[in-house]
Structures are given as structure tokens and as C-alpha cells.
Amino acid sequence: EPDSPSGQASITEPGQEQGSVRERVGEAGEHLRQVGHIAKESAREGLHRVRDAAREKYEEGVDAVRQFGETLEDRIRHAPIKSVLIAAGAGFLLSMMMGRR
């Protein structure tokens with residue numbers, strides 16, 4: 001065993017070394033718990049941000065569809081005959097394409 005500064009061999013008690021290892025394992029476990037907590041909080045915050053962004057995009061989409069519907073209604077009111085003819089032509093084209101299958 002290495003000599004101590006006083007020139008005498010140092011003797012380590014068997015329980016002392018085990019206690020030190022246990023303390024280190026306990027500290028490592030505590031650090032892991034803290035890291036896990038931080039990771040969990042970060043994931044939760046990220047989820048909230050993604051959810052909020054998705055809700056905002058959904059609301060933008062709903063508004064766009066509503067505005068399109070209003071615009072379409074206005075065009076039909078201003079030119080009903082033209083709108084009926086366009087719809088009939090589109091229906092005819094679709095039926096021709098579907099019939100060729």
C-alpha cells in the first residue's frame with residue numbers, strides 16, 4: 001500500500017470504500033433523476049408549442065375556407081346564369097372522364 005505523508009502505510013477500512021461507492025452511486029442516481037425531470041419539462045414545453053402552432057394553423061385554414069365560401073356565394077349572386085353554366089360544364093367534363101374508365 002502507498003505510504004502516507006507521515007511515512008506510515010495507510011490502511012483503508014473495508015466499509016469506508018463501500019460507503020464512498022454507495023455515495024457516488026446515490027449522487028449519480030440523483031443527477032439522473034434531475035436530468036429526467038429537465039427532459040420531461042422540455043418535452044412538455046415543446047408539446048405545448050407544437051399544439052399551439054397546430055391550433056393556429058387550423059384556425060387559419062377554417063378562416064380561409066369560410067372566406068372562399070363567402071367569395072363563391074358573392075360570385076354566384078352576381079352572375080347566377082354564368083355560375084350554373086360553369087357548374088354544368090364541370091359536371092359534363094367529370095362525367096366524360098369517369099365514363100372512359
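R66 is partly exposed, at 42% relative accessibility. Partly exposed here means between the two cut-offs: buried is under 20% relative accessible area and exposed is over 50% (1.4 Å probe, protein chains only). The model is predicted: local features need pLDDT of at least 70, side-chain atom pairs count only at pLDDT 80 or more, and totals for chains, interfaces and linings use all residues. Residues are numbered from 1 along each chain as its sequence is written, and side-chain values use heavy atoms, with hydrogens and water left out.

**Salt bridges**

A salt bridge is a side-chain nitrogen of Lys or Arg within 4 Å of a carboxyl oxygen of Asp or Glu. The count by this rule is eight. Side chains of opposite charge can pair when their charged atoms come close.

R66 pairs with D63, with their closest N and O atoms 3.8 Å apart. R66 also meets E70 in a salt bridge, at 3.2 Å from N to O. R66 and D63 are three residues apart in helix α1, so about one helical turn separates them. R66 and E70 are four residues apart in helix α1, again about one helical turn. An α-helix has 3.6 residues a turn, so residues three or four places apart point the same way.

R55 and D52 form another salt bridge, at 3.7 Å from N to O. Both lie in helix α1, three residues apart, which is about one turn of the helix.

| Residue | Relative accessibility | Class |
|---|---|---|
| D52 | 39% | partly exposed |
| R55 | 45% | partly exposed |
| D63 | 36% | partly exposed |
| R66 | 42% | partly exposed |
| E70 | 40% | partly exposed |

**Nonpolar patch**

F68, L72 and I76 make a nonpolar surface patch of about 300 Å². Patches are made of residues with over 30% relative accessible area and no salt bridge; like charges are joined within 9 Å, and nonpolar side chains (Val, Leu, Ile, Met, Phe, Trp, Tyr) within 5 Å. L72 lies in helix α1, residues 14-78. At 41% relative accessibility, L72 is partly exposed.

**Fold and surface**

The protein has two helices and zero strands. Helices (H or I, at least four residues) and strands (E, at least two) are DSSP runs, numbered from the N terminus.

Helix α2 covers residues 80-99, 20 residues in total. From its first C-alpha to its last, α2 reaches 28 Å, close to the 28 Å expected at 1.5 Å a residue. That expected span is 1.5 Å times one less than the number of residues. One of the 20 residues of α2 is buried, so this helix lies largely in the open.

Of the 101 residues of the protein, 3% count as buried. The accessible surface comes to about 9400 Å², and 61% of that belongs to carbon and sulfur atoms. Accessible areas come from the Shrake-Rupley method with a 1.4 Å probe; for residues, only the protein chains shown count as cover.
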